[in-house]
Amino acid sequence: MLVVVALAPVARPRLAAADEPIRLWHAYRGEEEAALNEIVADWDGSVDVLALPYDSMANKLGAAIPLGEGPHLFIDSHERLGDYRRRKIIAAVGDALQPSAYGEQTLTAITSDGVYWGVPLSLKCVALYHNPQLWPDVPDTLEGFIDIAEQLEQRGQDGVVALAYEARNPYAHAPILHAFGGQLLTTDGEFGLVGPQAEASLALVRRLLDSGTVPRDADGALVSNLFRGGKAAFAISGPWLAADLDDSIPYEVVLLPDVAQTGTAMRPLVTVETVMLSPFGAVRADVRTLAAHLAAPAAAMLRQRRARSVPARLDVAIPEDDRLLQAFASQAARGVPMSNLAAMRSTWEPARRALRKILATDVDIAEALNEAQHRFDDVRRPPPDARSPSPILGVLGVALMWGAFILVRRVRSETGRLELRRSWTAYRYVAHAVIAVGILVMLPLVVGAATALFAGPPGEVRYVGLANFAEILTARGRPLLSSGSFYLVLIVTVVWTVVNVAFHLGIGLALGLVLSRPLLRMKAVYRVLLIIPWAVPNYVTALAWKGMFHRQFGAITGFITAINDFLGTSIEPISWFSRFSTAFAANVATNVWLGFPFMMVVTIGALTAVPKDVLEAAEVDGATRWQRLWHVTLPIVRPSLMPAVTLGAIWTFNMFNVVFLVSGGDPDGTTDILVSEAYRWAFTREAQYGYAAAYAVLIFVLLAGATRLLSRAANGRGKTAWAKSDRGGEET
Amino acid sequence: MSRTMERIAVHIVLVGAVGFALYPVLWVVALALSGSPSPEAAALPIPSEPTLAHFEAVVTASKTMSHTTPQVEVWLFGRQLLNSLVVALATALVGIGIATPTAYALARFEFLGKTSGMRALLATQMFPAVASAIPLYLILDALSLLNSRTGLVLCYASTTVPFAIFQLRAAFEAIPVDLEEAAMVDGATRWQAFIKVVLPIARPAIAVTALFAFMSAYNEFILAATLLDDETMYTLPVMLQRFIGEYDAQWEKFAAGAILVSVPVMALFYLAQRHLVAGLASGGVKG
């Protein structure tokens with residue numbers, strides 16, 4: 001952080017030049033993107049439109065806008081507005097908004113502290129899709145689907161589910177919660193998925209699952225596949241499902257039903273897609289005019305026609321015969337706008353974990369919800385008190401002086417000077433590496449590590465000393481081995497690393513040895529095919545593996561069905577991510593698959609260093625094959641494998657992608673490793689970078705300590721066996 | 001007899017391993033070729049209603065540059081493929097260029113700060129990147145390297161350097177020092193001995209290390225998505241990421257894109273492998 005301060009004058013925020021072309025960022029795709037481009041083309045003025053991946057939007061905005069980089073205006077969901085406002089990423093929209101054109105509800109969504117922070121474009125929410133071929137009429141109540149499921153079964157249509165929706169997703173659960181009078185986040189920013197209403201809503205969903213009315217493991221892809229494939233009579237989904245449907249499935253979209261138990265209608269969460277202005281965009285009149293242009297009636301009509309989106313404006317009429325848009329528009333009018341408080345971003349994770357736990361196991365509902373509330377409060381806890389930075393500055397100053405003193409004394413001494421002169425040649429070889437790694441790798445790491453001493457929301461960051469570390473190491477006052485505590489996660493991480501490295505090394509070494517056989521046919525073909533797991537980007541294959549473990553569609557379930565058909569057994573499909581053991585195994589399988597080619601290639605490379613004559617000599621001396629492998633080959637390849645194994649262990653320890661993409665921490669965060677915890681603190685728990693950095697520092701300290709110990713142990717033991725044969729010419 | 005049995009056993013092991021290695025990839029291929037979602041779980045990756053439409057949609061992606069006059073249609077996929085290749089190739093070259101002399105110095109010279117330097121290099125690998133993204137962004141901004149392929153290449157190259165140094169140092173240490181000494185007796189300077197004698201022998205190791213660098217740059221997307229502000233500068237993984245949206249994901253297109261992204265890397269490995277085999281055949285490694 002000190003370095004950041006030092007750099008600040010260099011990284012001067014560029015003043016918004018009035019003649020710069022306007023930059024507009026969005027994450028739209030397909031027809032929505034086409035419609036936006038058409039609307040922008042209609043505006044006379046120069047606009048740079050940038051389409052971003054949806055995941056990187058928030059991070060990119062957070063990094064760019066404070067530096068005066070990034071967009072003048074961007075399109076995002078209104079619920080991020082509170083968070084953006086706190087981070088000073090957006091400014092009030094002023095005359096870009098024409099408030100009289102919008103309904104009360106829409107204006108509330110973009111209001112914070114009585115000021116408007118966005119210009120609404122369109123509304124998104126879920127509604128009920130109905131396939132009349134599978135079931136003729138729409139039930140009045142949610143409970144009515146249970147009867148439909150029974151009758152579908154009686155008719156022998158067991159492959160067809162009555163209602164497909166993402167029961168485990170809080171966004172999809174919200175309509176039911178609303179019908180019971182609850183909400184995900186209260187207006188004061190307290191966790192809402194708790195108490196009798198939330199419990200009753202979940203008891204109802206359990207009934208829906210237990211009666212087979214709603215599929216158990218439904219995610220977005222499953223819902224859409226079931227409905228598209230004519231395997232679901234009804235589905236709760238948003239307009240994005242309609243975009244995937246063609247004429248082969250007859251369907252209509254209608255309002256969500258009532259919940260009979262309360263006699264109240266299900267009301268979905270409404271997202272308002274909004275144009276927001278960055279602080280340097282809001283001051284430019286032409287940027288505000290462009291924002292108004294994007295939201296103008298003509299633009300709304302075009303979006304409605306091309307991208308099938310529900311206009312946020314009241315003065316844009318939807319054609320009477322457009323049943324789909326009519327349905328979504330009236331559903332949105334009956335919906336509940338998502339809260340735009342910054343706390344909303346902390347609601348999803350605990351709510352999702354609670355829902356998964358409650359719907360996959362038979363835990364007590366109230367208990368699971370209370371745990372979720374604790375998690376929420378834990379994330380929302382006030383940052384530690386600010387401390388005076390003088391002690392650390394003092395320590396730092398003394399350390400620097402001491403270091404400088406030692407250095408000067410060493411250089412000025414006779415031997416020191418001699419050594420320095422002798423080192424001069426070597427320095428010419430290493431200088432550029434020192435500069436490149438120093439500036440682009442070390443410096444960010446050091447600065448990142450220093451943020452561990454700071455806390456507080458972005459914009460109000462303050463120095464807190466070692467408070468972040470203290471909180472982590474004391475598990476924030478909860479039992480030391482409670483779920484999500486540093487120590488429990490550390491144990492999982494260590495087991496994860498050991499198991500993975502053992503498999504990587506075992507498989508890699510075995511295949512490397514086999515592939516190095518001199519007379520092997522088709523060697524090149526095998527090598528190329530075996531390297532494939534490593535050639536395909538790992539986020540792609542991690543997702544492929546996740547798909548294979550899917551309970552309903554996964555290849556593993558396919559195998560089980562095939563075995564059942566063939567042998568007449570009745571093995572149940574495994575729900576991989578509802579138990580720790582199977583979820584952990586799924587992660588390990590994926591990571592072993594990803595990692596063994598690396599070890600294999602390294603082994604092949606290392607084996608080239610084994611001199612043939614030594615092996616021949618051993619053979620002549622009557623050594624068996626195992627003896628040759630164990631006493632000749634392995635000792636020789638060991639030094640070249642050691643760095644790869646060490647690095648492999650370090651990378652596995654920090655293997656974020658696999659854990660995050662395959663199990664995602666399921667069930668209930670138990671398969672998370674330290675680095676995925678750190679990521680959650682940085683990116684899903686309101687950008688607590690200081691806290692995440694403290695995790696990173698702890699990971700670093702652990703790894704540094706472990707490698708130090710291990711290398712000492714290895715040096716003490718193995719040197720005699722191979723040091724002579726291999727290091728003959730080390731001194732120069 | 002036992003030789004034949006053994007040969008068969010080796011091939012069975014290898015075919016099994018290849019099956020394990022290819023199976024998930026074949027699922028990606030099947031998904032990319034599927035015209036409709038398959039509603040049933042299947043053991044074998046067979047596309048339902050095979051079609052090339054997803055590949056076509058990915059490859060033909062283009063963008064009209066609205067602010068230029070006359071309007072220019074840019075073939076986005078071609079641009080992004082070129083970006084990816086150029087960035088990855090430059091990363092491999094710069095990374096190896098920086099790492100090789102350093103690795104050599106670490107293998108052959110004694111100098112002040114050698115041990116602490118090695119430790120610092122290893123330390124960079126231990127620190128998760130979670131907290132360093134924002135400082136890196138600030139530094140690149142100070143160096144005016146944001147939104148440029150040069151900045152991206154420098155970042156990638158620097159991050160691959162520590163690993164490349166470890167690999168190459170081990171390779172250089174395995175080369176007997178007599179060869180260089182012989183060259184230096186014949187009048188070569190140390191640098192000449194390094195370039196003319198050591199590097200050719202270390203070629204296989206350099207090829208493999210360059211491949212590592214190429215692939216890590218080619219597959220990276222978080223930094224690319226953060227640093228680049230122009231679709232015509234995106235690399236392919238960023239394009240892939242665009243198929244995953246807030247509410248839904250276009251998995252078929254994602255899969256098609258993933259396969260297209262992977263093809264150049266596989267081709268490159270095939271080539272590098274020949275180089276590797278040729279390097280081995282030269283036999284310089286045996287002392």
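# A Guided Tour of Chains A and B

Select A30(B) to begin: this residue has 19 C-beta neighbours inside 10 Å and therefore counts as partly exposed, since a buried residue would need 20 or more. The model on display is a predicted one.

**Around A30(B).** Colour helix 1 of chain B, residues 2-33, and A30(B) will be found within that helix. Next, show the residues that A30(B) touches, leaving aside those up to four places away in sequence: P45(B), I46(B) and P47(B). Then select E252(B), which is 222 residues away from A30(B) along the chain, although 9.1 Å separates the two C-alpha atoms.

**The two domains of chain B.** Colour residues 1-51 as domain 1 and residues 61-281 as domain 2 of chain B. A distance drawn between the centres of these two domains, taken over C-alpha atoms, comes to 31 Å. Where they meet, five residues of domain 1 of chain B are in contact with six residues of domain 2 of chain B. The domain 1 side of this meeting place has four nonpolar residues, one polar residue and no charged residues.

**Chain A as a whole.** Shown as a cartoon, chain A has 29 helices and 17 strands. Of its 732 residues, 46% are buried. Among the contacts in chain A with a separation of 6 or more, 74% are between residues 24 or more positions apart.

Give each domain of chain A its own colour: domain 1 (2-123 + 271-326), domain 2 (127-267 + 343-380), domain 3 (390-463) and domain 4 (467-719). The centres of domain 1 and domain 3 of chain A, taken over C-alpha atoms, lie 43 Å apart.

**A four-stranded sheet.** Which order do the strands of the open sheet in chain A follow? The order is 8-9-7-10, and the pairing is mixed. Select strand 8 (161-164) and strand 10 (252-254) of chain A; these stand at the edges with a single partner strand each, so one side of each has no neighbour in the sheet. From one strand to the next, the twist averages 20°.

Within this part of chain A, select strand 7 (residues 127-130) and strand 9 (residues 232-237), which run antiparallel and are joined by four bridges. H130(A) has F234(A), in strand 9 of chain A, as its bridge partner.

**The nonpolar core.** Select A235(A), A291(A) and A692(A), which touch the most other members of the largest nonpolar core, a set of 300 residues. The element that gives the most to this core is helix 6 (residues 149-174) of chain B, with 16 residues. Zoom in on A235(A): apart from residues up to four places away in sequence, A235(A) touches Y129(A), A164(A), Y165(A), V223(A), L226(A), F227(A) and L241(A).

**Where the chains meet.** Finally, display both chains and select the contact between them, to which chain A brings 117 residues and chain B brings 93 residues. On the side of chain A that touches chain B, helix 18 (residues 414-450) of chain A gives the most, with 23 residues. Coloured by class, this side of chain A shows 77 nonpolar, 29 polar and eleven charged residues.

Definitions and conventions
Residues numbered from 1 in each chain as written. Chains lettered and ligands numbered in written order. Predicted model: local features only at pLDDT ≥ 70, side-chain atom pairs only at ≥ 80, totals over all residues. Contact = placed C-beta atoms within 7 Å. Helix = DSSP H or I, 4+ residues; strand = E, 2+ residues; numbered from the N terminus. Nonpolar A, V, L, I, M, F, W, Y, C, P; charged D, E, K, R; others polar. Pairing = 2+ DSSP bridges. Axes fitted to C-alpha atoms, helices over the stretch in contact; angles between N-to-C directions. Domains from an automatic or database assignment. Core = buried A, V, L, I, M, F, W, Y, C linked by C-beta atoms within 7 Å. Buried ≥ 20, exposed ≤ 12 C-beta atoms within 10 Å, placed from the backbone.
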